[in-house]
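Here is a short briefing on one protein chain.

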Amino acid sequence: MQRWVYTILMVTIGFSVTAHAQETEATRRLLEQNKEFVPEIYRIEEKVWFAVGHDVSNVAMIEGETGIILIDAGMSPVRMEALRSRFREITKKPIKGIIITHGHGDHFGGIQAFLAEGSNPEIWGRRAALGDNTGFNIEANAGKEAGLTYTNVRGARQAGIILPDSIHINNGVAARPDKQRTMFTRAKETAAFEPTHFLTEERKQIEIDGVKFELVAATGETYDNMYVWMPEQKILFCGDSYYKSFPNLYTIRGSQYRDVQSWYQSIEKMLSEGAEYLLPGHTRPVIGKEEVQATLSNYHDAIKFVFDKTIEGINEGMTPDQLVEYVKLPEDLASLPYLTEYYGRVDWAVRSIFNGYLGWFDGNPVTLNKLSPKAEATKIATMAGGEDKLRANALEAFDSGDFQWAVQAFDYLLALNENDQEIIRLKAAALMEIAETMVNATARNYINSYAIQLKERLKESD
């Protein structure tokens, strides 16, 4: 009965059954995470301001002798124009420098709003090397050179671009981006951007308008990531090496392998600085030397544990499916609020580490010559006693609330008949039920987006 009631609802009101309608524990925790994105400008020290929640990423402003220096430049030119106005309420000094922590569009996509002032600032980024590819924003440039575009589709799902406000809570470490002004729709605008100055060594001392900075290579989420250290003020701007979530050691939109070992080694460098203020690329600052040290230590230990345990399991001959059961973050780390899996997930990291070192082959010879999805589905249906019995089993799983098995069984049925409208509709409904249980925003957004796209596919076939 539940199946038919839900189907009628979906047809009648078109997926307006929302995450907020039946608040699960996962939903409650994600809603609580929204507090991290409430717009605020912190005055960290007399001449250092830190803007949180004004865009997808945070932006810092440091006042120099005759001008100001920015660290990162947001994602949306529209939002950065608004933030520029807020900064201009604090000081009218011209922009002398901009430091970009890494080449993801959410950290530099809004730069034109600041460059529009015409002060011609020096712009710093890190030029890193990965194989034959060297430069700033290696990840995007490599994909562009390969002709890769489908990451935009997956990235839009992960970010929840098509989701209505009633379903989209946040992006885990950021509020939802503007629907029309996103890193995906603005790819052409940001593709040509290049800093005017580059960090090419491990550490470099620079001075901009009388303010001293140390730029430090810190490979992690990207190969061109760096952190910015103000030794006199004990302030550390870490980019995306830390934010309040288990880190996104693998992104489901797809990217080159993220060097997990280098990531925790970069945090070791950050720990050695003895910072009193930790200002991340996303979520609110960490203030106080003891708090900063404890936070970074636990973050480091969590990443290193996942890496070491995965390598240990690989050396025991485990496959990725076995490894995700084997590698579990210890409770004393998993229970920390800033290691909740809002954005990254341990099991995704495990699979990525395996693939990063060993590639797609899991070591089981069976996988070297697997049946096609349709051939496998045919044999599964035969085992179940025929396609009708398989269908009955899948519908029973849906009706009993066993939604993960239901969607997997639905995929067998769709391998046999990809245009089965009832199964497509029920798969979308089951996916949305699964999304309700996800505290991980990227998984939740991706699943809900995919479900809505299935619904659109049904409309097109009507």
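The chain holds 18 helices and 15 strands. The model is predicted. A compact globule of 462 residues would have a radius of gyration near 23 Å; the chain has 24 Å, so the two agree.

**Overall build**
- Along the principal axes, the C-alpha atoms fill a box of roughly 80 × 50 × 45 Å.
- Of the 462 residues in the chain, 55% are buried.
- Take the contacts in the chain with a separation of 6 or more: 69% of them join residues 24 or more positions apart.

**Nonpolar cores**
- The largest nonpolar core has 43 residues. Leu278 and Val306 have the most contacts inside this core.
- Six elements are listed as giving two or more residues to the core: strand 12 (226-230), strand 13 (235-239), helix 9, helix 10 (289-315), helix 11 (320-326) and helix 13 (346-358).
- Helix 10 gives the largest share of this core, 8 residues.
- Another core, of 37 residues, lies apart from the largest one. Among its residues are Leu395, Ile447, Ala451 and Leu454.

**Valine 306**
- Which residues does valine 306 touch, leaving aside its neighbours within four places in sequence? Valine 306 is in contact with Phe246, Val327, Leu329, Val346, Ala349, Val350 and Ile353.

**Isoleucine 267**
- Isoleucine 267 sits in helix 9 (residues 260-272).
- Is isoleucine 267 buried or exposed? Its relative accessibility is 0%, so isoleucine 267 counts as buried. The cut-off for buried is under 20%.
- Neighbours within four places in sequence aside, isoleucine 267 contacts Ser241, Leu296, Tyr299, His300 and Ile303.
- Glutamate 23 is 244 residues away from isoleucine 267 along the chain. The C-alpha atoms of these two residues are separated by 36 Å.

**Leucine 148 and the surface**
- Leucine 148 lies in the loop between helix 6 (138-146) and helix 7 (150-159).
- The relative accessibility of leucine 148 is 48%, so leucine 148 counts as partly exposed. The exposed class begins over 50%.
- Leu148, Tyr150 and Val153 make a nonpolar surface patch of about 270 Å².

Definitions and conventions. Residues numbered from 1 in each chain as written. Predicted model: local features only at pLDDT ≥ 70, side-chain atom pairs only at ≥ 80, totals over all residues. Heavy atoms only, no water. Patch = residues over 30% accessible without salt bridge, like charges linked within 9 Å, V, L, I, M, F, W, Y side chains within 5 Å. Areas by Shrake-Rupley, 256 points an atom, 1.4 Å probe, with all protein chains shown as cover. Salt bridge = Lys/Arg side-chain N within 4 Å of Asp/Glu carboxyl O. Helix = DSSP H or I, 4+ residues; strand = E, 2+ residues; numbered from the N terminus. Buried < 20%, exposed > 50% of the residue type's maximum accessible area, 1.4 Å probe, protein only. Contact = heavy atoms within 4.5 Å. Rg over C-alpha atoms; globule rule 2.2 N^0.38 Å. Core = buried A, V, L, I, M, F, W, Y, C linked by side-chain atoms within 4.5 Å.
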